[in-house]
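I set aside this page for a single structure and for what I could look up in it, entry by entry.

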Amino acid sequence: MRFDDDTLFFGDAVAGDEVLAEYIFTNTGKRDLEIDIVSVCECIQAEWPHEKIAPGEAGLIRIVYDTRNRAGENKKTIDVVFKNLDTEGYPLVKQIFLEGRVIKK
């Protein structure tokens with residue numbers, strides 16, 4: 001799979017704002033790709049496609065980051081775990097990132 005951007009920068013946000021980020025990825029493989037889970041912290045809500053993504057097709061992961069009590073520089077790691085396995089039998093995992101600064105009101 002290939003993500004258009006695996007790190008998104010939200011710049012400055014005011015504490016308490018919700019930051020929306022969308023990650024677009026393309027299945028560059030030869031078989032269907034399916035996300036099992038998107039693992040995030042308690043401050044992030046994530047939505048992802050639950051259907052299989054065919055070779056050549058694109059998918060979208062949407063997150064909403066709650067910046068309450070998050071003042072300062074922020075870097076969040078989001079683990080995308082696929083149902084697909086690598087050559088050793090482990091699930092494919094891709095890390096994507098959200099970065100920015102949260103300013104107190």
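Over the ring of which residue does the charged end of K75 sit? I began with this point, keeping in mind that the model is a predicted one. I found the charged end of K75 over the ring of F97, at 4.9 Å from the ring centre.

Entry on aromatic pairs. I looked up ring pairs next and noted a count of 3. For F3 and F25 I wrote down a distance of 5.3 Å between ring centres and an angle of 35 degrees between planes; the pair is therefore tilted, since an angle counts as stacked only under 30 degrees and as edge-to-face only over 60. F3 belongs to strand 1 (residues 2–3) and F25 to strand 3 (residues 18–26), so that the pair links distant parts of the chain, 22 residues apart. I then checked the accessibility of both: F3 counts as buried at 9% relative accessibility, and F25 counts as buried at 1%.

For F10 and Y65 I recorded ring centres 6.0 Å apart and planes at 55 degrees, so this pair is tilted as well. F10 lies in strand 2 and Y65 in strand 6 (residues 58–66), and the pair therefore ties together parts that are 55 residues apart in sequence. I noted both F10 and Y65 as buried. I also noted that ring pairs link F3, F25 and F82 into a cluster.

I traced an open sheet of 4 strands, in the order 2-8-7-4 and with mixed pairing. Strand 2 (7–14) and strand 4 (35–39) stand at the edges, and because each has a single partner strand, one side of each is left without a neighbour in the sheet. From one strand to the next, I noted a twist that averages 20 degrees. Strand 4 and strand 7 (residues 72–85) run antiparallel and are joined by 4 bridges; on looking for the partner of V38 in strand 7, I found V80.

Entry on cysteines. Which residues does the disulfide join? I counted 1 disulfide, and it joins C41 to C43, with an S to S distance of 2.4 Å.

Note on methods
Residues numbered from 1 in each chain as written. Predicted model: local features only at pLDDT ≥ 70, side-chain atom pairs only at ≥ 80, totals over all residues. Heavy atoms only, no water. Pairing = 2+ DSSP bridges. Helix = DSSP H or I, 4+ residues; strand = E, 2+ residues; numbered from the N terminus. Axes fitted to C-alpha atoms, helices over the stretch in contact; angles between N-to-C directions. Phe/Tyr/Trp six-rings, centres within 6.5 Å; stacked < 30°, edge-to-face > 60°. Buried < 20%, exposed > 50% of the residue type's maximum accessible area, 1.4 Å probe, protein only. Lys NZ or Arg CZ within 6 Å of the ring centre and 35° of its normal. Disulfide = S-S within 2.5 Å.
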